[in-house]
Amino acid sequence: MSWLVEEMGFEMDGNDRLGRFEEIVLLALMRLREGAYGVPIRREIAERTGRDVSFGAVYTTLERLERKGYVSSRVGDPTPERGGRAKRYFRIEAPGIRALNETRETIANMGGLVHVG
Amino acid sequence: MSDERSLEYQLGQLRNQIAHMDEREKATLENELVRLTRELVAKSATDMQRISERLKGYQEALQVRPTTAERPHSGKRGVVRRYIDVAGKLAASASRLPRSAPTAPPTGACFLLDLLLSKADRKAIPGDLEEEFRARLAKYGPVGARLWFWCETLRTIAARNPLCRWLLAGGLVRIGEWIFRNTGS
């Protein structure tokens, strides 16, 4: 079931909380900074997590984060190696950084209270 | 002999048969007219009009009823036939697509992406797929890269097409429940 959720980019949490895959995508955007578009985002996720996610799942999550105001996008110039198609660049915005920090703080706090293992 | 000449030749043959003909031959001719009318669908608009006028002339001379292919679309059957026509035209246009070179992304997959993705997605996603395809071409060769492109196309459509998303999000479960409820009671 969790595979299907990530594969399809479905939303598991409410609007104000970050889902696991949303957090991963935002962290990839943080690492890539200005050059973040579909191909490097997907590669970054694959290299760091070892999971092969589809472009569809990445774009669905990015679209949802954009609706929440955590991410902004702009269309670049078309290039020949992409069959004359344009790149869509994504950038993490201030509310996105705030949400990411809050989520990580929550997890850290919970980790401090519970002894795992 | 071109297709047009061939049709005209066949029509000429029919004209010769009209003079000496019994009921059984008439039925054979009617079938022949149906076949010719179907062939006309593939012709250009001008040719279709010209030759269909000729066919109409023959039908009047023979006093045969309009062929199945010429009956207007109406009612439920008409709706089904219209869908069949559209599906046929779509299949014909897909089969006319030029075969792509081994080092280019599969044309069929690109056609599916253009057909099933939204306008906004068509700007960026096929470009990302093509860029990744070219990177994989050097690493895995044409067969591996093309296979990857096809798999990724299907995964992308499943995630981005609204109907596929609805089906995977619970539509299939709801349909199953409905069938179970209706067959169980």
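How many salt bridges are there between chain B and chain A? Let us work towards that count and a few others together. This is a predicted model, in which local features need pLDDT of at least 70, side-chain atom pairs count only at pLDDT 80 or more, and totals for chains, interfaces and linings use all residues. Residues are numbered from 1 along each chain as its sequence is written, chains are lettered from A, and side-chain values use heavy atoms, with hydrogens and water left out.

**Exercise 1. Describe the secondary structure and burial of chain B.**

Step 1: Chain B has seven helices and zero strands. Helices are DSSP runs of H or I with at least four residues, strands are runs of E with at least two, and both are numbered from the N terminus.

Step 2: Along the sequence this reads α-α-α-α-α-α-α.

Step 3: Of the 185 residues in chain B, 29% are buried. Buried means under 20% relative accessible area, exposed means over 50%, and partly exposed is in between (1.4 Å probe, protein chains only).

**Exercise 2. Explain why Thr153(B) counts as buried, and list its contacts.**

Step 1: Find Thr153(B) in helix H6 of chain B.

Step 2: Thr153(B) counts as buried because its relative accessibility is 0%.

Step 3: Setting aside neighbours within four places in sequence, Thr153(B) is in contact (heavy atoms within 4.5 Å) with Ala109(B), Leu113(B) and Leu129(B).

**Exercise 3. Describe the interface of chain B with chain A.**

Step 1: Start with the residues: 25 of chain B are in contact with 26 of chain A.

Step 2: Now the area. The two chains bury about 2200 Å² between them, with 48% of it on carbon and sulfur atoms. Buried area is the accessible area (1.4 Å probe) that two parts lose on being put together, summed over both. In chain B, Asp128(B), Glu131(B) and Arg155(B) lose the most area to chain A, together 27% of what that side buries.

Step 3: Here is the count from the opening: seven salt bridges join chain B and chain A. A salt bridge is a side-chain nitrogen of Lys or Arg within 4 Å of a carboxyl oxygen of Asp or Glu.

Step 4: On the chain B side, helix H6 (119–160) and helix H7 (162–184) are the elements that give two or more residues. H6(B) supplies the largest share, 21 residues.

**Exercise 4. Trace salt bridges that involve chain B.**

Step 1: Asp52(A) and Arg155(B) meet through their side chains in a salt bridge (3.2 Å, N to O). This pair crosses between chains, from the loop between helix H3 (38–49) and helix H4 (55–68) of chain A to helix H6 of chain B. Asp52(A) is partly exposed, because its relative accessible area is 45%.

Step 2: Another salt bridge joins the side chains of Asp114(B) and Arg85(A) (4.0 Å, N to O). The pair runs from helix H5 (residues 107–116) of chain B to strand S2 (residues 85–92) of chain A. Asp114(B) is partly exposed at 34% relative accessibility, and Arg85(A) is partly exposed at 24%.

Step 3: Within chain B, Arg136(B) forms a salt bridge with Glu132(B), the closest N and O atoms being 3.3 Å apart. Both lie in helix H6, four residues apart, about one turn of the helix. Glu132(B) is buried, with a relative accessible area of 6%.

Step 4: Finally, look for a network: salt bridges link Arg42(A), Asp52(A), Glu152(B) and Arg155(B).
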